[in-house]
Amino acid sequence: MIGKSLWIVFLAALFIYFVLPLIMTVIFSLSRGQAGFGPDAYVALLSRRDLLAPLWMSAQLALATVACILLFMVPAVIAVHLFAPRLRMLLELAAILPFVIPGIALVAGLSVLITGPGWLIGSPFFLTLPYFFLALPYAYRAIDIAISNLDLTQLRLAAASLGAGVGRTILWVVMPNLWPALVNAALMTFTVVLGEFTVANILLFQTFPVSINLVAKSEPAEAAALTIVSFLLTWVALLIVLLVGRNSRKTFDTGRSGASS
Amino acid sequence: MTMAFESINYTYPGSGTGVHDLSMAIGPGELVALIGASGSGKTTALKLLAGFTQPQSGLIRIGDKDVTGVTAEERRLGVVFQNYALFPHLCAWENVAFPLRVRGVPHAIRRAQAIQMLERVGMGARIGSMPHMLSGGQQQRVALARALVFDPKGLLLDEPLSALDASLRVEMRDEILRVQRQSGIATLLVTHDQEEALSIADRVAVMREGRIVQIGTPRVLYDTPVDAYVAGFVGQSNLWPGTVEREGLVGTPVGPIACVTGTRIRGDAVIVFVRPEWIEPLARPPRAEVAGEIAGETLSDRFLGPIRRIDLAVGTGMVRLETHLRTPVSAVRIPPERVRLLPPLE
């Protein structure tokens, strides 16, 4: 009985916190004021070419950050687990820092630390640096938990005894087992970057969330519509990544990928 | 092919544990078991042979080649791990085919060879099963097939049965022995289970503090242990500290024990060693004129299926005996010819 009541409270809280704001945003985006409801704000969005560039910019930044996470974070976590488990504490600490350092302090620190070259700090892709830092906790957790559950040391020894060197062990044993965690890390990173406002706004880069904020000042209904559209786009992106991930893991030893060499 | 340690030394950084001056050879087709308490160095010895750890001094040979310093992937030794270490993303045949894939064997051939090996270990019906769908025993069979499929020069078994339940352990023990005999491959088995070691090994090596205390056939180790540590580690034992009173008699907490004292003289400290099943139970009071007959009071009498294990309080000590007789026991006879004298503990 208590369990059932708790569930009801939990679902009610979930509804109030997550679903209700979405519903209200949808209603607001469809509202014509005294004239009832209609898709005017969504139609208006289609004619706003000025939003496409920020959207494309945010998507590129998200992909660039995901690439950085996969390129640097994954090998680092694997290496620490395999060869230097004592350094894990250091990674744990680094993964907590984004939670305790406010966005504005992060930007201030970066501005002092990195003053050039101009092509780097003047480019929107400079944001990849703070975004990598902001996405670190989510990506690290996903990858670290997966590796911890894997008993990597034992699998490495098993692979070595069967003739596989470190490279093949990582490619043929570690990575396939990390695939769900990598998808998770990528999704988390993508979502964090797509929704990041503070850093981009302070550094005066026109990303998608910054644009939504600007639109909201003059066209609140369009801003609400934009929020809903970006929300749906994010979900579609996540769904695509999930589907791609699922199809890629169907078989491993097919012998058709050149893996037999 | 022979696998051999020659004066191997390895000490873990920051501790004195490891292996010290380890020398031992495992002949072609031979199964040698390494047993010992936790921290005795048996797993370290296996890691050194496998190439997972490199020795600080000494040589490791496989066949007539010195492989010291050669990496694990180049040693070509099959290893079966305690927790199987199957790759969770690969099905049974893919796991078994992995070492063939590493060696560039074409897909169709490696699949056929993997299936053939799985059939050999009784897993022909589960070739497509993922590791999480298999029981512990089945996973161990797959691990064994994977360790043998690439025709390794030797087989290393690291506590392969310790994660299995008792009945399955016996079944798998026989299975490992059967496959090992079929393969005719030099095998090192590391285990803390002395029964497992005695039942399948050609020779058993007992390790203590990184050194081999005794190596020999299970029968030799059981009947003639070199010291009280080996006697206590291999099977059940009565071990009483004693002093030679005169030729043929040793004083112990359970009274004077008649035995062959050999070159020992009066006052020499010894450990008196008798296996519980060597002691004869008596349903009558002991006769004073018969050497080795002593009376005792039953402390415990446990039924263990085919045998009973009885602990008798005698003097200030205890005598343990094992018998298949169902009659009450009020005294025992310790046959002097079965009593062994071991050096006292340092």
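Colleague: What makes a stretch of chain B a domain here?

Modeller: Domain bounds come from an automatic or database domain assignment. For chain B, that assignment gives domain 1 (3–228) and domain 2 (236–342). This is a predicted model, where local features need pLDDT of at least 70, side-chain atom pairs count only at pLDDT 80 or more, and totals for chains, interfaces and linings use all residues. Residues are numbered from 1 along each chain as its sequence is written, and chains are lettered from A and ligands numbered from 1 in the order in which they are written.

Colleague: How do you know which residues of domain 1 and domain 2 of chain B are in contact?

Modeller: Two residues are in contact if their C-beta atoms, placed from the backbone, lie within 7 Å. By that test, the contact takes four residues from domain 1 of chain B and five residues from domain 2 of chain B. The C-alpha centres of the two domains lie 39 Å apart.

Colleague: What is in contact with A:Ile143, leaving aside neighbours within four places in sequence?

Modeller: Among them are A:Met73, A:Val77 and A:Leu178.

Colleague: Why is a set of residues called a nonpolar core?

Modeller: Because its members are buried Ala, Val, Leu, Ile, Met, Phe, Trp, Tyr and Cys residues, joined through C-beta atoms within 7 Å. Buried means 20 or more other C-beta atoms within 10 Å of a residue's own; exposed means 12 or fewer, and partly exposed lies in between, with C-beta atoms placed from the backbone. The largest such core has 156 residues. A:Ile143 and B:Leu188 are among those with the most contacts inside it.
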